[in-house]
Amino acid sequence: MQLGVFSVGDITPDPTTGRTPTQHERIKGLVEIGKKAEEVGFDVFAVGEHHDHPFVPSALTTLSAYVAAQTERIIFSTSIAHITTNDPVLMAEQYAFLQHLSDGRVDLMLGRGNTGPVYPWFGKDIRDGLHLAIENYDLLHQLWRTDVVDWQGKYRTPLQGFTSTPRPLDGVPPFVWHGSIRSLEIAEQAAFYGNGFFHNHIFWPSTHVRRMVDFYRQRFEHYGHGPRDQAIVGLGGQVYVRPNSQDAIREFRPYFDVAPVYGHGPSLEDFMEQTPLTVGSPQQVIERTLAHREIVGDYQRQMFLLDHAGLPLTTVLEQMDFLGEHVLPALREGFAEGRPAHVPDAPTHASLLAARQQTDATSSATSSSTTASESEVPA
Amino acid sequence: MTRTITVVNGGLSETSSTRRLADQLGAATTEALRARGVAAEVTTVDLRERAHAITDATLTGFAAQALQEDIDRVLASDGVIAATPVYSGSYTGLFKSFVDLLGQAAFDGTPVLLAATAGTARHSLALEHAMRPLFSYLRALTVPTGVFAASEDWGGDGDAAGALAGRVRRAADELADLVVAREPKRVVDEFASAPSFSDLLGDLRR
């Protein structure tokens, strides 16, 4: 089980003090959160791409590379990176470059992201969002797996004899997750390629999350990637934890009440009941999080949103220390309990490399290529 | 086969005149369907009870369970009776907020009976100027007779009360005719009809 931290990098005034962090502070804060995530025992650190106010994370590979240089173990992901408005050629190159710098500690969560006004800033139209997600990813997938690409599509200039540079580390492309809240087409896309499916989960009732994940699992099996319980599933979650649950509620409520996404709406209690938000004691967080398996089955990645709604960096780092000490070990143990042996872990560079070497060994008589790996996608 | 009719009551006070009108329309529709040999199951959704949940859903993008059940009920109905008080010449904000949560396709081809209440007859055209355009936009099959009731319709004047009962009956008959003429509503399961990715990709590769 991979446990991670994901952030959208919002700049929100602290409602208890009225203070708003500067962009510089927030960017440096994200670095601190990434380093702390490794220090306290998280496996993954992911930041979501944004180009509009009030968010700062516009350059994810720059951020990841900077944190990668100061860490050794943690995996960098994205939550999410835009497959719609980014050029897939540039993405193929930048994330492969990051893969080399970080010694393979990178995967990607792709999504459509963005609101209507953002698309034109990158020369795109939101009405093409779904088709952009399909075409761009299909090209990205190909660029990482085929050394010389001839390609023609609808949304970018054709490629003739193009090789994206650098080639993926060890010839193993970064693992890709597709993040979607509502779009069945994106769950279908994840299933088609045998990639991971991530449901943000944090604003959604479990009935909906269950249906989305069930659909993905069923289509994963349909496309021949293995039985449905071997599909790769990730969920989001959000927690605020204190030794005493009353303290947690009291401290978090003012942030919840005016938070940009749910503030002035449901009560904290209602929202906790309807979504995975858990504000309380370590035991409550542990029990609630482990119970997510009842919704989606045994899954591979659990991400937590910790730094939002104006919570100051010091509080976020304290939360992380506390989670590392009192929650993560119990979660690891709990998630391992009763998990069938045939349910895979989330793919990593090491596991994908080992799998490829095994495939190469069995087919070495016919090929000596070390750069082009075979696509696992059905034709 | 039993047909389902959902009454959306936008009345904002307890024992509101809108609820009273909605009840009359529900009962008259049941009767009109029975006269056509069709059993009806009539359920009322009181928006007042969901006022907070409707606002919350507008802000968060998802509905609390009880509200979601109401939404699902409306979406699955063979016919809908939509009743609202008139404020400032139109349906109330709460009524519109609920309709906004139903989605673009909620009323595609669904027979809908429009009803409204107000203090004076001066508001009576709100049905035609506000309610009917809203439901036309949503591609509902609106019943020709809309039922408007002002304070005087409930009053002691026997003629006025009789006139309201007549309008209720006529509108209920029209709704029943439309419901009976149509196939029972089938709610499309989006998960069952999701497009195949091979097709999506194929469209782009062609």
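Reader: What makes strand β2 (residues 44-47) of chain A and β3(A) a pair?

Author: In this predicted model, four bridges join β2(A) to β3(A), and the two run parallel. Two strands pair if there are at least two bridges between them, so β2(A) and β3(A), with four bridges, count as paired.

Reader: Which residue of β3(A) stands opposite Val44(A)?

Author: Opposite Val44(A) stands Ile75(A).

Reader: How does the chain get from β2(A) to β3(A), and why is the crossover called right-handed?

Author: The chain crosses through helix α2 (residues 60-68) of chain A, which makes a β-α-β crossover. With the strands pointing away from the viewer, the path from the first strand over the helix to the second runs clockwise, and a crossover of that kind is called right-handed.

Reader: What makes both faces of strand β3 (residues 75-78) of chain A covered?

Author: Ile75(A) and Ser77(A) lie on one side, Phe76(A) and Thr78(A) on the other, and all are buried. Buried means under 20% relative accessible area, so each of these residues falls below that cut-off.

Reader: How many cavities of 30 Å³ or more are there?

Author: The count is one. The largest cavity has a volume of about 40 Å³.

Reader: Which element gives the largest share of its lining?

Author: Strand β10(A) does, with three residues. The elements that give two or more residues are β10 (233-241), α10 (282-290) and β12 (301-305) of chain A.

Reader: How is the lining of the largest cavity divided by class?

Author: Six residues are polar, three nonpolar and one charged. Arg288(A) is in the lining, and Arg counts as charged.

Note on methods: Residues numbered from 1 in each chain as written. Chains lettered and ligands numbered in written order. Predicted model: local features only at pLDDT ≥ 70, side-chain atom pairs only at ≥ 80, totals over all residues. Heavy atoms only, no water. Buried < 20%, exposed > 50% of the residue type's maximum accessible area, 1.4 Å probe, protein only. 1 Å grid on protein atoms, 1.4 Å probe; cavity = no way out; pocket = protein on both sides within 12 Å on 5 of 7 lines; lining within 4 Å. Points joined across faces, edges and corners; volume = space filled by probe spheres on them.
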